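Trainee: Please show me how to read a structure feature by feature, with the general idea given before each case.

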Amino acid sequence: MILDQIRQKTKQGKPQLAVLFDPGKLSLPEVQKTATLCEQHRIDCVLVGGSLMLDNSLENCLTVIKKEYSGPVILFPGNTFQVHPKADAILFLSLISGRNADLLIGKHVEAAGIIKASHLEVIPTGYMLISQSQPTGAQYMSQTLPIPHNKPEIAAATAMAGEMLGLQVLYLDAGSGASEPVHEEMIRAVKQYTSIPLIVGGGICKPTMAQKAWSAGANIVVIGTAFEKTPHLIASFTEARNICYE
Ligand code: 1GP
């Protein structure tokens, strides 16, 4: 089970690196190139999804990734259409930072039957959007108020409530292409008050930024935009991950 692997690495204190593929933003040759690098550099897992896809590029993207990359491929769905049995697992996201009932439970009811039939491993995830000076795509698409970036106590309380509700993983997201990542203080606060694996992403574009997130308590750091622009950066991020563990 993929969640067991994540838990095990978390328990061992191994920093994990995930690469986000947004099929709406990448061409198939770009997907292939990045997936090959993910395999070469032993990326811990791959996430696939996006706020918006203007065509049905999800299936083609998954096919190419599965051909090149042998690690776990996890859906990170931006909506109920982004469920596909070619992946291995799905982050079943409840947007616990917001108060949009549809994104807390409504869409889940709609998708439950399809997910059950798909046999995807389901990873119940408390998803928290963190505010930026500029609204991100995720904020706009979810039409929710994110947690203010300078309020770590709100993030910690939200995360605790999510864990108490039985969610298995937490995801702090500044949003794709965010101008600044989730602050270390917030990561530390969430980690201090919870004990489930913590994913952190959004706006992390340098290996030193990833190292700061891991040191503050992130178990999985997610990189999307930086690798879309420069896939070869994967090598320096994995080096940073390995140094962090030594
Ligand atoms: C977005 O956390 C992911 O949901 C990754 O963000 O594209 O900014 O790396 P970036």
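**Reading the ligand site and the surface**

Trainee: What kind of ligand atom lies 2.8 Å from a backbone N or O atom of Gly203?

Mentor: We call such a pair a polar contact when two N or O atoms lie within 3.5 Å; within protein, one must be able to donate a hydrogen and the other to accept it, and residues adjacent in sequence count only if both atoms are side-chain atoms. In this case the ligand atom is an oxygen, 2.8 Å from the backbone atom of Gly203. A backbone N or O atom of Gly202 lies 3.1 Å from an oxygen atom of the ligand, and a polar backbone atom of Gly224 is 2.8 Å from a ligand oxygen. The protein covers 97% of the 310 Å² of accessible area that the ligand has on its own; such areas come from the Shrake-Rupley method with a 1.4 Å probe, and for residues only the protein chains shown count as cover.

Before we go on, note that this is a predicted model, in which local features need pLDDT of at least 70 and side-chain atom pairs count only at pLDDT 80 or more, while totals for chains, interfaces and linings use all residues. Residues are numbered from 1 along each chain as its sequence is written, and side-chain values use heavy atoms, with hydrogens and water left out.

Trainee: How many residues surround the ligand?

Mentor: A residue is near a molecule if one of its heavy atoms lies within 4 Å of it. Here 13 residues surround the ligand, and the closest are Asp173, Ser176, Gly177, Gly203 and Thr225.

Trainee: Is Leu54 buried or exposed?

Mentor: Buried means under 20% relative accessible area, exposed over 50%, and partly exposed in between (1.4 Å probe, protein chains only). Leu54 is exposed because its relative accessible area is 81%, whereas Ile204, at 6%, counts as buried.

Trainee: Where does Leu54 lie?

Mentor: Helices (H or I, at least four residues) and strands (E, at least two) are DSSP runs, numbered from the N terminus. Leu54 is in the loop between strand S2 (45–48) and helix H3 (57–68), while Ile204 is in the loop between strand S7 (198–201) and helix H8 (207–216).
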